[in-house]
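Dear colleague,

Please find below the structure that I am handing over to you, followed by an account of what was found in it.

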Amino acid sequence: MEVLIASSAEEICELLGQDNSRQLLAGGTDFMVEVNYRHRSPSSVIAIDRVPELRNWHHDGDSVVIGACVTYREIERGPLATLVPALAQAARTVGSPQIRNAGTIGGNIGTASPAGDMIPVLSALGAEVSLRSSEGKRAISLDDLIVGVKQTSLVQGEFIESVRVPVLESPQEFLKVGSRSAMVISVTSLALITYPKTQSVGIGLGAVNPRPTRAWQAEEFIKGFLNWESMQVDPSGLDRFKELVSEASRPIDDHRSIAAYRRHSIGVLAQRALTRIFSERSPSV
Amino acid sequence: MSRVTQDHLSVNGTKFTIDDSWLGESLLYTLRERLGLYGSKNACEQGECGSCSIMLDETLVCACLVLTGSAIGRDIKTIESLAPEGSLSVIQQAFVDAGAIQCGFCTPGLLVTIEDFLDDNAEPTELEIREAISGNLCRCTGYGRIVEAVRIASKASTDTEGTADDGN
C-alpha cells in the first residue's frame, strides 16, 4: 500500500487529479476496521488528517464553518459546543474518548452511514457541505449529498472540505437510543433545533432512514401548539406530533434493533426533545 | 507532498526504521509483530475494547485504528513508556494497591487511558472516571476496583502536589 501524507487541500486535489481511485483517510475509525478485517485493501491512500485547512474551524458571521478533519473531541467541548450545542451533544455520544479523539465530522458525513450521529443534527440545521476537487469547489446541502446507505453524490476526485452550520443561540437537543450510554452505535437518534425567528423547529431523524431525513410534517404540525414567548407547548398536540415523527421514519430490522422499536422510539425521542425545550402547559392564559 | 518510502516511526523516543510493506498495516500490528512491543494488546481490531490504547502526538487513540503509514513523523507513546523498567508509575501502583487486576489483558490500555485522563482532570468525580474509561472493556473486574484505583492515583498525585506546595 502506498501512503501519501497531504499537507494542504491543494495537494489533495493534485493527488486525486493524478489518480482518483486513491482512498482518503481521515480519522480512520471506520476505514481501519475494514482494513483489519481484510474487507478493503486499497493500493493508494491519502492521509488528509494533517491538512491545516481541514483541521480548523471558524466562526463566520451567523454561521460556523467546520473543517472536515475536526474531531468529535473538538466539537464536544470548548467554543464549538457553545456555538452548536446539539452537534456537541451528538459528538459526545460517539464511541469512546479514543474514538472521539480520532474520528472526524467529515468522515462521519463521507461514510454516510444512516446511524452517523452527526447526520440528524446537520440535517436539522440545514447544513451545507463544501466540496472540492481539481475542477473547483461547490456547495451542496447535506440532505442532497447523502443519497443512500453509505452512498454520496461526491464525484470522482472530489472530497469534503468543510461543513457550514448556522449559529442560532436558541435551544437545541440531540437524543440517542442505544444499548449502553457509551461505545454504542445508534439504534435511533434525533436532533431538534429551534428557529425562534421563524417560530419553527427542525427535526432530523437518525438511523431510521437510508438518507438524512427531516420530519417535515411533524415540524409543520407542531407550529400551532408552541408558544414562543413562554416557551410552552400545548400538550394536546403531542400525541399526533409523535405519530407524525414515527411516520417520517422508514426503519429496518437488523442486528441492533427491530423496525417496530425504532419507529416507536423515534417518536418518543421527538416528544422528549420537544418537552425539554418547551414545558407542557395549556397556553390558555 | 511527501511520498512515503523508507521511513521511521518514533516510538517511546526511539526511532525505528520501517519497511515499505508495513505501511498498510494497523499501527497495532506493527508495534506488536514488527517491533516486538507486546504491551498494547490486540483484541477486537475495531476500536471497541481499548486494549491497544496508545498516545499519538499526545492524543489517546486505539492503535488498531491507526494506519502505520499515517503515523510516520508522529510521536507514539505506548504502555512500555509509562514508567522506567523496574519501577511503577502512580497509576500502576494504584492498580496494585486496589487489586484492580484479574486476568490483566485490559490493564495496559486502561493505564494509558487513565494516565491521559488524570493529566487533564486531576480530581475527577466517579461519573467522569466512568466516562473516561468507557472505551476500555474489562470482562473480569466489573470496574469497581478500577474506579477505586483511579481515585487512589488521583489522591496520591494531588497529595504529592500539596506537599510540594507546602514546602515552598
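I begin with one residue of chain A. Leaving aside residues up to four places away in sequence, Val147(A) touches Thr152(A), Ser153(A) and Arg211(A), where two residues are in contact if their C-beta atoms, placed from the backbone, lie within 7 Å. Val147(A) belongs to strand β8 (residues 146-148) of chain A; helices (H or I, at least four residues) and strands (E, at least two) are DSSP runs, numbered from the N terminus. Val147(A) has 14 C-beta neighbours inside 10 Å and therefore counts as partly exposed. On this scale a residue is buried if 20 or more other C-beta atoms lie within 10 Å of its own, exposed if 12 or fewer, and partly exposed in between, with C-beta atoms placed from the backbone. The C-alpha atoms of Val147(A) and Pro210(A) are separated by 7.9 Å, although these residues are 63 residues apart along the chain.

Two remarks on conventions are needed here. This is a predicted model, in which local features need pLDDT of at least 70 and side-chain atom pairs count only at pLDDT 80 or more, while totals for chains, interfaces and linings use all residues. Residues are numbered from 1 along each chain as its sequence is written, and chains are lettered from A and ligands numbered from 1 in the order in which they are written.

Chain A

Chain A contains 13 helices and 17 strands. Its radius of gyration is 19 Å, close to the 19 Å that the globule rule gives for 285 residues, so chain A is as compact as a globular protein of that length. The radius is taken over C-alpha atoms, and the rule is 2.2 Å times the number of residues to the power 0.38. Along the principal axes, the C-alpha atoms of chain A fill a box of roughly 65 × 45 × 30 Å. Of the 285 residues in chain A, 51% are buried. Among contacts in chain A between residues at least 6 apart in sequence, 64% join residues at least 24 apart.

Helix α1 (residues 9-18) of chain A has Ala9(A), Ile12(A), Cys13(A), Leu15(A) and Leu16(A) as its buried residues. These residues pack against β1 (2-5), β3 (44-47), α3 (52-55), β6 (128-133) and β10 (159-166) of chain A.

Chain B

Chain B has 5 helices and 6 strands, and from the N terminus on its elements run β-β-β-α-β-β-β-α-α-α-α. The radius of gyration of chain B is 17 Å, close to the 15 Å given by the globule rule for 168 residues, so chain B is as compact as a globular protein of that length. The box filled by its C-alpha atoms is roughly 50 × 40 × 30 Å along the principal axes. Buried residues account for 43% of the 168 residues of chain B.

An open sheet of 5 strands is formed in the order β3-β2-β6-β4-β5 (chain B), with mixed pairing; two strands pair if DSSP finds at least two bridges between them. The edge strands, each pairing on one side only, are β3 (14-18) and β5 of chain B. The twist averages 40° from one strand to the next, where axes are lines fitted to C-alpha atoms, for helices over the stretch in contact, and angles run from 0 to 180 degrees between N-to-C directions.

Within this sheet, strand β4 (residues 53-56) of chain B pairs with β5(B) in the antiparallel sense over 4 bridges. Leu56(B) stands opposite Thr59(B) in β5(B) and also opposite Ile76(B) in β6(B). The hairpin of β4(B) and β5(B) has 2 residues between the strands, and Asp57(B) takes a positive phi near 45° there. Strand β6 (residues 75-77) of chain B runs antiparallel to β4(B), joined to β4(B) by 2 bridges. Helix α3 (residues 107-120) of chain B packs on the sheet and touches β4 and β5 of chain B, its direction making about 45° with that of β4(B).

The contact between the chains

The contact takes 28 residues from chain A and 27 residues from chain B. On the side of chain B, the elements that give two or more residues are β1 (2-3), β5 (59-62) and α4 (126-132). The most comes from β5(B), with 4 residues.

With kind regards
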